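Take a look at the model below. We will go through it one boundary at a time.

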Amino acid sequence: MKLIFKRKSKLKEIFFEKIFALCSYLSILTTVLIIYILATESFQFFKQIPITDFLFGTHWEPLLEPKSFGVLPLLFGTLLIVIGSALISIPLGLIIAIYLSQYASSKARRIIKPILEILAGIPTVVYGYFALTFITPIIRIIFPDAEIFNALSGSIVVGIMILPMVASLCDDALQAVPKSLKQGGYALGTTSFEVIKGILIPSAFSGIISSFVLAVSRAFGETMAVTLAAGATPRFTINPLESIQTMTAYIVQVSLGDTPQGGIEYQTIFAVAGLLFIVTLMMNLFSNYIMHKYREVYD
Amino acid sequence: MIKNNLKNRKKIDSIFKVASKIITWSSLVVLAVLLYHVSITGISKLSLDFLNNFPSRFPHKAGIKSALSGSIWMLTFVTLISVPIGVLSAIYLEEYSKKNRITRFVEINIANLAGVPSIVYGILGLAIFVRFFQLDRSVLAGSFTMSLLILPVIIISSREAIRAVPKSIRLGAYAVGATKYQTIRHHVIPIALPGILTGVILSMSRAIGETAPLIMIGALTYVAFVPETVMDPFTTLPIQVFNWASRPQAAFHEVAAAGIIILLIVLLFMNAIAIFLRNYSNKKYDF
């Protein structure tokens, strides 16, 4: 009796372990499927359009004759948003993190942290609406020649959107620096600012940089806010007051229209999404790499 | 680097302190501005009719009944699909898996999946669920797609909750003869539950606000009915907001703002539950 019971429960143990394991391997299946789909459909696309035309062409007009499939306008549009939003979110996010970890009282922290969480939880479409109906009119007052849809408005709103993420990741990195290092600095008679500049930031450098990379990667893949605010005109430009189109916004535009399945226009979204996937994947891996490679371990 | 000029150094320090304080608080003002702007634009459109009407070509008649019910339908199925899988994966990775290369690979993979742009998940859903499994633009296709999107988030937050359970609890259970499964089932999970639920609710609020993947699988259509089966087409709150916001007429922008108010109320409600659970868990098990 006892033995049977034991064997049964042993079987049960193994059964549950296998089920649990199966669930966690589902994530690998997801990645494999993403890569498989993007690769096969893009392959169809590149059979017709040479990959160099795609990567280095400066004209993107896949839906109208004469068709042309140079992705650079979309890439530049995306970069315009990424750079603009990074210029806003990176310095501000770092300063907020420094304030939170160094200067803020615990009461102030208790107020600021939840507000940052709420800001991080607001859906991107809401930010898009905010850009379109609040930021853009202000921009058009300052720069009367700005178009209704412009890259500047998109950058600002994406910057606001990723700001909480930068702030809380940098805050985590700064919090992880041992107190003893800080106190050592103070013992030498330095001011708070000097401790931040000379001790905190260098010690937390890997965490800070990896949070910057993650933020940039997030801005790269951001979709709804830029679709609403930055427009749908693929242009090879660096003027932030003009309407542009990002890679993500293009994908949305195609899926909103009634492009027939299987055609070359339809395959473009897989090629564009493939490029998007590769770039964000590289950034995420890079962020992960510096986080682990250059982490200063204190114990 | 450090000059022998105390007055100047202290001055720099206090300037930086004040500047960082001003910058921090003024960034938070953005939230207030956003909420204020949305409220004054949308409040006039907010009414019971707005909740009970279907979308319409006329802004004064437009409502969010189909979007709200679509969101609820989708959220129900996303919960049913993603929570068991996510929590079980987290249990496996935290409690069973050996620290070897495969585990490391799964971990890196999950971290990367969490960073994949949501629109790529939309393309995945389009190819797999809509076309391959021929689920069309149904509630089910949307729910599967959204589940894949939030799975990494659920796994990561559940793992943190499970990791926070002290080792002594497990050792105590083993000491009285419990098997591994019994230890996890009766001791680890109950203690980690509030933390797991917090993560689950926060990822649900992500699912409610996501728009891009659903647009990819074709949920942006004129839907003037409430879904009745899982195979029915549907629309959701953020998609409806996007639809209204992308129209040029200012009247539709007011309707969009009203939709945003409803969306934010739902999100705020979910966040409040998450915060409550977090405080509850902090109090109950203080090791």
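How many residue pairs are in polar contact between chain B and chain A? The count is 14, with both residues of each pair at pLDDT 80 or more. Keep in mind that this is a predicted model. Helix H1 of chain B, residues 6-42, brings 20 residues to the side that touches chain A, the largest share. That side of chain B divides into 53 nonpolar, 15 polar and nine charged residues.

Now take the boundary between the chains as a whole. Here 77 residues of chain B are in contact with 80 residues of chain A. The two chains bury about 6,900 Å² between them, and carbon and sulfur atoms account for 78% of it. Three residues, Phe16(B), Tyr92(B) and Tyr181(B), supply 9% of the area that chain B buries against chain A, more than any other three. The count of salt bridges between the chains is one. Arg9(B) forms a salt bridge with Glu194(A), and their closest N and O atoms are 2.8 Å apart.

Eight residues from domain 1 of chain B and eleven from domain 2 of chain B make the contact. The area buried between these domains is about 670 Å², with 79% from carbon and sulfur atoms. On the domain 1 side, Val38(B), Thr41(B) and Lys45(B) lose the most area, together 72% of what that side buries.

Lys45(B) also forms a salt bridge with Glu254(B), with the closest N and O atoms 3.3 Å apart.

Definitions and conventions:
Residues numbered from 1 in each chain as written. Chains lettered and ligands numbered in written order. Predicted model: local features only at pLDDT ≥ 70, side-chain atom pairs only at ≥ 80, totals over all residues. Heavy atoms only, no water. Contact = heavy atoms within 4.5 Å. Buried area = accessible area lost by both parts, 1.4 Å probe. Salt bridge = Lys/Arg side-chain N within 4 Å of Asp/Glu carboxyl O. Polar contact = N/O pair within 3.5 Å; in protein donor to acceptor, adjacent residues only side chain to side chain. Helix = DSSP H or I, 4+ residues; strand = E, 2+ residues; numbered from the N terminus. Nonpolar A, V, L, I, M, F, W, Y, C, P; charged D, E, K, R; others polar.
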